[in-house]
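This report is written for a reader who is meeting the structure for the first time. It begins with a feature of the surface and then turns to the fold, the confidence of the model and the charged pairs.

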Amino acid sequence: MTEFVHLNEENREKGFKNVFVVRKMRTKMMLFDHKMLLFILTVLILGTMLIFDSYLKAYKSNQLFEIGRQVDSKRELNFKKNEIDNSYLRMISSRELMKKAGELELKVATTERVIDLR
């Protein structure tokens with residue numbers, strides 16, 4: 001026990017305060033060191049580049065989705081057009097045409113029945 005020296009309470013607080021003040025100053029000085037500023041600047045630049053890259057990827061993905069949606073829409077419209085064309089061609093075929101004419105009670109126009117309206 002002879003190796004330990006009992007300090008007065010006031011002296012001990014002053015000693016600790018001084019140590020902490022020096023540590024705070026060193027920490028503040030390290031924060032504004034050239035290497036630390038370069039590190040912070042590098043992190044900010046890389047973060048900005050990553051955010052910009054993710055924005056570009058999202059924009060590209062959205063554009064590809066829109067193109068795909070438009071292609072599907074055009075494909076569907078083209079299919080409907082082909083379906084309408086096929087039904088029209090079936091309608092103007094002779095058998096279907098005669099069937100429709102019979103339903104509407106129309107008579108077939110022949111050269112003898114055509115009236116010349118001049």
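## Overall architecture and surface

The protein consists of three helices and has zero strands. Read from the N terminus, the order of the elements is α-α-α. Helix α1 covers residues 9-31, and helix α2 covers residues 34-91.

Of the 118 residues in the protein, 1% count as buried, a class that requires a relative accessible area under 20%. The accessible surface amounts to about 12,400 Å², and carbon and sulfur atoms account for 64% of that area.

## Confidence of the model

The mean pLDDT of the protein is 77, and 61% of the residues reach a score of at least 70. Confidence is highest in helix α2, at 92, and lowest in helix α1, where the mean is 61.

Where pLDDT is low, the predicted coordinates should not be read in detail.

How many salt bridges does the count give? The count comes to five. The pairs described here include Lys57 with Asp53, Arg69 with Glu66 and Lys81 with Asp85.

Lys57 and Asp53 are four residues apart in helix α2, so about one helical turn separates them. Lys57 counts as exposed because its relative accessibility is 55%, whereas Asp53, at 35%, counts as partly exposed.

## Two further charged pairs

Arg69 and Glu66 form a salt bridge in which the closest N and O atoms are 2.7 Å apart. These two residues are three residues apart in helix α2, which means that about one helical turn lies between them. Is Arg69 exposed or partly exposed? With a relative accessible area of 45%, Arg69 is partly exposed. Glu66 is partly exposed as well, with a value of 27%.

Lys81 pairs with Asp85 in a salt bridge whose closest N and O atoms are 3.5 Å apart. Lys81 and Asp85 are four residues apart in helix α2, so their separation is about one helical turn. Lys81 has a relative accessible area of 48% and is partly exposed. Asp85 has a relative accessible area of 34% and is likewise partly exposed.

How values were computed
Residues are numbered from 1 along each chain as its sequence is written. This is a predicted model: local features need pLDDT of at least 70, side-chain atom pairs count only at pLDDT 80 or more; totals for chains, interfaces and linings use all residues. Side-chain values use heavy atoms; hydrogens and water are left out. A salt bridge is a side-chain nitrogen of Lys or Arg within 4 Å of a carboxyl oxygen of Asp or Glu. Buried means under 20% relative accessible area, exposed over 50%, partly exposed in between (1.4 Å probe, protein chains only). Accessible areas come from the Shrake-Rupley method with a 1.4 Å probe; for residues, only the protein chains shown count as cover. pLDDT is the predictor's confidence in each residue, from 0 to 100.
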